Amino acid sequence: MQIYKFNSILKFVLWGGDKIMAFKGLPSSHESIGESWELSAMPGRESVVAEGDEKGLSLTELVKRYGDQLVGKDVYRRYGDRFPLLVKLIDAKRDLSIQVHPGDELASRRHGCTGKNEMWYILQAEDGALIRTGFNRKMSGEELDRRLADGSLLDVVNCTASQPGDTFYIPAGQIHAIGAGNLLIEIQQSSDITYRVWDYDRRDSDGNLRQLHVQEAHEALDYNARDGQVHDMPHVGNGLTRLVQSDEFVVYHLDVNGYNRQEFAGEHSFVALVCVEGKTNITVDGMPQVIISQGETALVPAIADRVEFNGSARLLMTIVPNKN
């Protein structure tokens with residue numbers, strides 16, 4: 001077993017741009033990359049190990065090979081061979097649709113999969129870039145339908161001017177949209193179920209209006225007033241700031257300035273690391289050292305009780321919390 005780095009999986013979409021490859025420091029002539037899947041076990045889009053003795057193995061194959069040694073005892077008890085998280089980079093050159101994701105119960109009943117709680121961490125934001133999360137007052141399904149008919153839905157959705165370093169938590173059921181000009185990291189449950197509520201009456205490349213899922217969204221939506229921006233982010237010591245804590249994932253901001261050591265004994269979870277700035281060595285006893293730079297992601301197996309960093313970097317660090 002090793003500290004794993006994976007090949008990125010690029011997704012080309014109409015609303016994508018050219019920021020992802022630049023953020024990674026890689027050359028590219030493409031201008032419509034909307035997503036880079038950094039850590040994924042989604043069927044058909046599974047991350048593949050990029051280097052080391054296990055180069056070429058998929059993330060799912062690793063989980064089946066190592067089980068709780070890789071993901072953690074509590075994680076394996078909850079999810080079995082299904083890796084529970086999906087980590088992406090998203091570049092919105094144009095506004096994404098107004099949408100909602102189902103929770104676990106609804107997603108299981110309709111689609112046979114988990115729901116989708118997610119969080120966003122803003123990496124770059126152009127002037128005027130916006131994030132929309134949650135209704136700004138209590139709503140109803142009837143009013144939603146009226147506002148979709150008259151084009152006034154945005155009047156009742158919270159809108160925030162985004163800045164680098166902003167964090168948003170979007171639980172299943174919360175209406176939301178990424179506005180044009182945002183480059184961000186998305187950490188979410190391993191699910192790809194989205195109900196598109198409104199899409200600005202845009203048409204696809206064939207001139208057709210994009211498909212909406214209003215009826216499906218009705219049952220999924222939380223009609224209470226909510227705001228997805230996270231304001232209370234406590235410092236927990238040793239370079240760590242907790243950004244989001246949920247039943248599905250806990251995300252920390254980690255600053256590495258020289259040497260830093262993080263202890264994970266008792267966590268019973270893998271550690272997913274995304275480098276958002278700089279570069280650092282990562283060392284675990286008994287495993288080859290790995291270097292990650294801005295735009296790269298690494299997966300540390302759950303058997304690592306201690307992870308040592310040496311460099312100058314800013315990281316997002318994600319674990320799956322114990323659920324007793």
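1. Phe 135 is buried, at 1% relative accessible area; buried here means under 20%, exposed over 50% and partly exposed in between, with a 1.4 Å probe and protein chains only. The model is predicted: local features need pLDDT of at least 70, side-chain atom pairs count only at pLDDT 80 or more, and totals for chains, interfaces and linings use all residues. Residues are numbered from 1 along each chain as its sequence is written, and side-chain values use heavy atoms, with hydrogens and water left out.

2. The structure holds 5 aromatic pairs, a pair being rings of Phe, Tyr and Trp (its six-membered ring) with centres within 6.5 Å; planes under 30 degrees apart count as stacked, over 60 as edge-to-face and the rest as tilted. Phe 135 and Tyr 223 are stacked, because their ring centres lie 6.1 Å apart and their planes meet at 10 degrees. This pair links distant parts of the chain, 88 residues apart: Phe 135 belongs to strand β9 (residues 130-135), and Tyr 223 to the loop between α7 (214-220) and β15 (235-237). Tyr 223 is also buried, with a relative accessible area of 15%.

3. The rings of Trp 198 and Tyr 200 form a tilted pair, with centres 5.0 Å apart and planes at 50 degrees. Trp 198 is buried, its relative accessible area being 12%.

4. For the chain as a whole, 54% of the 324 residues count as buried. Among contacts (heavy atoms within 4.5 Å) between residues at least 6 apart in sequence, 75% join residues at least 24 apart.

Note on methods: Helices (H or I, at least four residues) and strands (E, at least two) are DSSP runs, numbered from the N terminus.
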